[in-house]
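Here are my notes on the two-chain model. Please read them with the structure open.

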Amino acid sequence: MTKLIEVENLYFKYKGSKYNILDGVNFNLSRGEVVAIVGLSGSGKSTFLNIICGIIPYIYNGKIKGTVKIWGQKISSMRLSEISTKIGIVFQDPDTQLFSPTVEDEIAFGPENLMVDREEIGWRIKKILKVVGMEDYRYENTNNLSGGQKQLIAMASVLVMEPEILLFDEVFAQLDKEGKKRISQVLMNLKEEGKSMILVEHDYNNIKFADRIMELKDGKLQEFKGR
Amino acid sequence: MRIEEIRIDPRTKLIIVLCLSTLGIVFKDIISLVKILLTTIFISICFHVDLMGSIKKLKSLLYILIVITLAQSIFSSDGNPLVTIGKVTFLTTEGLYKGLEFIFRMMIIIFSATILTTSSSREIVQGFVQWGLPYEMAFMVAIGIRFLPILTEEIKDSLIAIQLRGIELDKIPIKKRIHVYSYLFTPIVLGTISKAERLSIAIEMRGFRAYDSRTSYMVLKMSILDYIIIFMSIVTTIIFYIVY
């Protein structure tokens with residue numbers, strides 16, 4: 001199987017911290033695979049995702065050791081904007097991911113940056129709104145949406161860029177039961193489409209569809225052996 | 001007449017605002033300023049601006065305006081005295097005139113700016129971009145404007161948090177209240193910076209500045225009506241300036 005992500009002997013320490021939050025992490029992600037990462041708060045799950053998508057060290061600083069490759073290319077040799085064309089990340093808080101006045105503008109932002117043709121953008125917006133079940137909200141102000149709807153739009157804004165790898169950093173955290181159900185359905189549909197995904201999650205009920213569950217504990221990433 | 005139903009280009013609105021604010025700044029006599037203010041209000045109504053809503057939102061700003069007006073009136077010593085206590089003159093006809101002039105001028109600028117609220121921030125950004133302004137700069141301004149309500153929200157949250165700890169801000173003396181506000185400053189600033197940082201990460205991860213150029217899904221196109229409004233606005237502004 002093609003390895004989309006390869007992480008070898010990854011060590012990471014935040015600036016000013018005495019210990020490594022990631023202490024020799026090894027990880028692979030194959031095409032079409034869905035991997036869930038669980039672990040206690042502060043165990044370094046989000047840090048790990050941030051390293052994979054380049055937020056660390058491009059935005060947040062720290063001492064990093066080891067290699068992270070996407071399609072065999074070291075991310076240290078790639079620009080953040082270049083990584084963003086291959087990896088899409090959805091964060092926990094939808095409020096800090098939406099910044100446009102309407103849903104349509106929000107979704108169009110990514111493809112516009114990637115120089116996608118106007119006609120193609122229109123077609124993609126229509127398609128992606130259908131994927132997340134928000135077709136009726138195309139011209140709605142993003143501030144008027146519920147938490148779950150905002151998270152769906154944040155996901156749509158990333159999906160519309162058609163990245164090959166999707167990262168989800170505790171996307172269920174701020175949602176109610178209905179919101180969780182809708183997001184789960186979207187994630188399951190993405191899995192059926194063959195998308196490669198890494199999900200960081202607390203709640204085991206939200207990751208039932210994952211191919212592998214891994215646990216990040218004491219800086220090490222290992223196969224999850226049950227609760 | 002409800003112009004907003006016809007879809008006026010945001011660039012047309014920007015020109016109207018520019019003309020009205022220029023007139024508001026250039027003219028110094030109260031009669032002209034009142035005429036410009038009435039014209040501004042009329043145009044705002046034509047664009048179906050929620051004037052009362054805007055006034056409510058700007059309530060705190062209006063108090064500052066009134067204080068500045070009063071200060072200007074008090075410190076202007078020219079003209080006939082209107083309010084005198086002992087040997088000190090607190091208000092003169094000239095002071096009152098200057099104060100009114102200031103308040104009318106500010107109202108013209110504020111009411112004319114409300115016309116822009118009938119377009120979305122994305123439309124205004126696109127207007128600037130099609131005028132040749134780099135997208136990054138226009139986007140930066142739009143994000144800056146978007147951040148004002150976030151800052152307000154942060155302040156409100158901090159005030160609620162402090163009140164839930166049993167401090168009744170309305171009932172404590174002003175000196176102590178200022179002291180409490182100084183405690184709030186750090187968490188508000190840090191909270192806002194943290195939100196700004198997360199927002200900028202989300203923007204970066206959506207390919208912002210991935211290439212030297214970018215496409216735009218939204219394209220503004222001016223209609224004949226837009227050209228007529230722009231022509232009329234500029235001509236009227238020039239005539240108004242020459243005649244008065």
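Which residues form a nonpolar patch on the surface, and with how much accessible area together?

1. The patch is on chain B. B:Tyr63, B:Ile66, B:Leu70, B:Ile74, B:Phe75, B:Leu82, B:Val83, B:Ile85, B:Val88, B:Phe90, B:Leu96 and B:Leu100 form it, with about 1100 Å² of accessible area together. Areas are Shrake-Rupley values with a 1.4 Å probe. Patch residues have over 30% relative accessible area and no salt bridge, and nonpolar side chains are joined within 5 Å.

2. Helix α4(B) gives the largest share of the patch, four residues. B:Ile66 lies in this helix.

3. This is a predicted model: local features need pLDDT of at least 70, side-chain atom pairs need 80 or more, and totals for chains, interfaces and linings use all residues. Residues are numbered from 1 along each chain, chains are lettered from A in the order written, and side-chain values use heavy atoms, without hydrogens and water.

4. Now the interface. In chain A, 38 residues contact 29 residues of chain B (heavy atoms within 4.5 Å). The two chains bury about 3000 Å², 60% of it on carbon and sulfur atoms; this is accessible area (1.4 Å probe) lost on being put together, summed over both. A:Thr96, A:Phe99 and A:Glu112 lose the most area in chain A, together 22% of what that side buries.

5. Four salt bridges link chain A and chain B (a Lys or Arg side-chain nitrogen within 4 Å of an Asp or Glu carboxyl oxygen). One pairs B:Arg198 with A:Asp93, with the closest N and O atoms 3.4 Å apart.

Methods. Patches are made of residues with over 30% relative accessible area and no salt bridge: like charges are joined within 9 Å, nonpolar side chains (Val, Leu, Ile, Met, Phe, Trp, Tyr) within 5 Å. Helices (H or I, at least four residues) and strands (E, at least two) are DSSP runs, numbered from the N terminus.
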